[in-house]
Amino acid sequence: MTELIGPAGTLSPEAVLHLPGARHHRARVLADLDAGFSVVWLFPDAEVAAGRASLALEALLHPLDDVVDAPRKESAGSVGPTPAPVPRPAVGVAHGTYGAGGATGVPAATEVAGFDDGFGVDDGFEDWDPYGLSDRLPSSGPPFVSAGPATVSAAPDVAGRLALSLQLEGDLVEGLLAAPGGRAPTVVVRAWTEEDPLAVSRLVRRFQAAVKDAGLRPGDRPRLLVAARPRDLEADTVGLLDGTVARSHWWWGVWSHLDTATVVAEALPRAGGGPAHVRMTPVKHVRDALRRETVTQVAGPDLELAVRLAEAWNGVYASLATELAACCAGLPVREAHGRGAPGAAYAPSPEQALRETWSAGLVDSWEGRVCHSPRFGPAAQDGPELAKRVWQAQNRVLLPMIDDARLGFIDLLPRTAARGVDRLVSIYVRQSLRAANGTAADLASMELGELYDAAVHRDIHLGDAQFRRLRILRKARNKLAHRTPLDDALIQDLLDALTRS
């Protein structure tokens, strides 16, 4: 298996797509295709530029049996064959033969310039020329016949190229629907390689309309899969999809905490490695957990930044802002706008105000919130935003440990209570948390602040070291409860308190 982090400290695009988030996202897209739906799959510009969108598409197509790729467009004026895709036949299905007359049993068109769109209604496409041939062929004479791979001097639009590659002379969609033997291929268009958003959007509309009108069962439908950036389509294309035959999927909310944490774990040195005398102590284990979780929370869904920060930052919080700014300086940074309305993180797609920022790879839905990359701008690299993410990391790592330490003090109370546990419950436990009988079990509800007050008033006998531990635990817990991250000095004191019995 390809290493997640390459020798140069960069993410492997292939390995990233094996992370749980990417696998689950592809599974949802594949489930819709298997159910007979056409799909428009939308990616941000950043994923296309990084090559991950193309790799995600290839990974999605791998388990499909019958795939027809749209041939690439030849440049105008060039002469040469348009590469014909090689469909993978489905096992046990008797496929029809696509020839010069279209699918078997479908008569060849007698002319191109005036071909009938097959719908019998005015749908706004009566002047549409799917092959781009009407201006290049005489108005009379023998019909155009494609024999084998097409050779064109100026390639037609995407629908025309697909028709030529399949040796269909009539309308692409009508020819696919008329295929004998129940063939239902998946026709794939990589819209970011197309020059005409109108042609791709027109194909989407015609495809879903014709499939719906044909009334085929889901398993018998040909399916169209368009992988695109939003700018590769007309603005209303996705909004006008008919949910009975077509679905959209956005590369939004793909990555989760697990994905980022996996990348960070791969980027950081292995915990416990090295000679025995430098291996992990309990304090080092907690520091390592804090470092990993802090990088995970600060980077969020920005996996490239997570790798850089994991390798650059040594875990000292006083230097975090400086190291973060340095890491962002080596990546594309831009000032963008749009924070997202409440609930935007749970939507199936980024809302309109976030589209530009999302397309740049600077915002995503992550762990139930709209999460901006620190590359979003200087304000995200320091100040309240950075403090919030550090606090979230410290909460996740330290609060369970602090509560375990609190329960350790609770266990001592039957022996250390100066005037009995009933007095502790009646005086220090909040009325709303008290049980009726005043037994030792009620002591479990005592918080660190209440334990500290009892120790100050000598209702609990503690030694100097135990009292100091309790004071540090209380101070750290109070700061975290008020959304304030701990500084390096308090973290050192807290780790000493947590690792001492």
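These are my notebook entries on a predicted model, from the whole chain down to single residues.

**Ground rules.** I number residues from 1 along each chain as its sequence is written, and my side-chain values use heavy atoms, with hydrogens and water left out. The model is predicted, so I ask for pLDDT of at least 70 for local features and 80 or more for side-chain atom pairs, while totals for chains, interfaces and linings use all residues.

**Entry 1: the whole chain.** I looked up the secondary structure and found 17 helices and nine strands. Helices here are DSSP runs of H or I with at least four residues, strands are runs of E with at least two, and both are numbered from the N terminus. Of the 501 residues in the chain, 48% are buried. Buried means under 20% relative accessible area, exposed over 50%, and partly exposed in between, with a 1.4 Å probe and protein chains only. I also checked contacts, meaning heavy atoms within 4.5 Å. Among contacts with a separation of 6 or more, 71% join residues 24 or more positions apart.

**Entry 2: the sheet.** In what order do the strands of the open five-stranded sheet lie? I read β2-β5-β6-β1-β7, with parallel pairing. The edge strands are β2 (67–69) and β7 (246–250), each pairing on one side only. Neighbouring strands are turned by 20 degrees against each other on average, direction ignored. Two strands count as paired if DSSP finds at least two bridges between them.

I then followed the pairs one by one. β5 and β6 share five bridges, and Val189 stands opposite Val226 in β6. β1 and β6 share four bridges, with Leu42 opposite Ala228 in β6. Leu42 also has a bridge partner in β7, namely Trp250, and β1 (residues 38–42) pairs with β7 over five bridges.

**Entry 3: strand β6.** Is β6 mostly covered or open? It is mostly covered, with six of its six residues buried. In a regular strand the side chains alternate between the two faces of the sheet. On one side of β6 I found Arg223, Leu225 and Ala227, on the other Leu224, Val226 and Ala228, all buried.

**Entry 4: helix α7 and Ser201.** Helix α7 lies across β1, β5 (186–190), β6 (223–228) and β7, and runs at about 155 degrees to β6. I take axes as lines fitted to C-alpha atoms, for helices over the stretch in contact, with angles from 0 to 180 degrees between N-to-C directions. Ser201 sits in α7 (residues 197–214). Why do I call Ser201 buried? Because its relative accessible area is 0%. Leaving aside neighbours within four places in sequence, Ser201 touches Leu233, Glu234 and Thr237. Leu233 is 32 residues away from Ser201 in sequence, yet 5.6 Å away in space, C-alpha to C-alpha.

**Entry 5: the core.** A nonpolar core is a set of buried Ala, Val, Leu, Ile, Met, Phe, Trp, Tyr and Cys residues joined through side-chain atoms within 4.5 Å. The largest one has 125 residues, and Trp41, Trp251 and Leu398 have the most contacts inside it. Helix α13 (residues 384–416) gives the most to this core, with ten residues.

**Entry 6: a helix pair.** Helices α8 (residues 257–267) and α9 (residues 282–299) pack at about 125 degrees, with axes 9 Å apart. That makes α8 oblique to α9, since angles under 35 degrees count as roughly parallel, over 145 as roughly antiparallel, 65 to 115 as roughly perpendicular and the rest as oblique.
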